[in-house]
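Hello,

Here is the structure for you to look over. My notes on it follow below.

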Amino acid sequence: MRLADEPDEAWLAVAARRKGGLPDAARRVLIDARLVKCASVAGDLAIARGAVVRDFLHLALVEVAEPARGRGLARHITRALALWGRDMGAGTAFLQVEETNLPARTLYGRLGFTTHHPYVTRTAPD
Ligand SMILES: CC(C)(COP(=O)(O)OP(=O)(O)OC[C@H]1O[C@@H](n2cnc3c(N)ncnc32)[C@H](O)[C@@H]1OP(=O)(O)O)[C@@H](O)C(=O)NCCC(=O)NCCS
């Protein structure tokens with residue numbers, strides 16, 4: 001487990017695969033907070049981003065390589081960021097997850113997250 005201040009190339013490559021590419025500004029945006037950690041396990045086996053703003057920890061880009069899923073890596077990396085966030089003064093963690101993403105919703109539910117509010121993403125017609 002590595003908690004780095006900045007994403008390395010392997011970390012960015014995983015995030016880019018998930019997002020279908022990253023814009024040039026992505027790296028700058030990802031570290032554009034005073035307290036940020038880019039977590040990774042064994043390079044690119046699992047990644048996640050944590051950012052502390054005031055007393056909140058925001059978790060994002062939790063991703064485990066397909067062959068390594070189901071072994072507790074997501075739980076491990078999320079908890080590592082939660083412990084770091086707590087040390088930085090964050091008493092509450094939050095994240096966004098799609099309603100249809102059952103693996104992720106189960107993961108976060110097992111870690112103690114509950115739904116604060118749902119939201120709707122609308123796509124503009126062509
Ligand atoms: C969601 C994801 C991060 C889970 O990673 P993982 O390393 O396989 O998860 P873990 O092994 O740590 O599992 C933690 C808990 O999640 C649950 N879980 C994980 N995968 C699951 C699945 N496919 N179906 C149901 N529950 C699942 C397990 O029940 C486990 O709890 P338990 O041990 O008490 O049973 C992984 O599937 C992934 O990378 N998905 C694609 C990216 C993504 O959706 N990220 C989340 C964006 S918000």
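Two strands are said to pair if DSSP finds at least two bridges between them. Helices (H or I, at least four residues) and strands (E, at least two) are DSSP runs, numbered from the N terminus. On that basis, strand β2 (residues 35-41) pairs with β3 in the antiparallel sense, over seven bridges.

Two notes on the source. This is a predicted model, in which local features need pLDDT of at least 70 and side-chain atom pairs count only at pLDDT 80 or more, while totals for chains, interfaces and linings use all residues. Residues are numbered from 1 along each chain as its sequence is written.

The chain as a whole

The chain holds four helices and five strands. Read from the N terminus, the order is β-α-α-β-β-β-α-β-α. Along the principal axes, the C-alpha atoms fill a box of roughly 45 × 35 × 35 Å.

A residue is buried if 20 or more other C-beta atoms lie within 10 Å of its own, exposed if 12 or fewer, and partly exposed in between, with C-beta atoms placed from the backbone. Buried residues are 24% of the 126 in the chain.

Two residues separate β3 and β4 in their hairpin, and Arg54 in the turn has a positive phi of about 50°.

A residue is near a molecule if its C-beta atom, placed from the backbone, lies within 6 Å of it. There are 18 residues around the ligand, and Arg69, Ala74, Pro103, Thr106 and Leu107 come nearest. The elements giving two or more residues to this shell are β4 (56-64), α3 (73-87) and α4 (102-110). α4 gives the most, with six residues.

Regards
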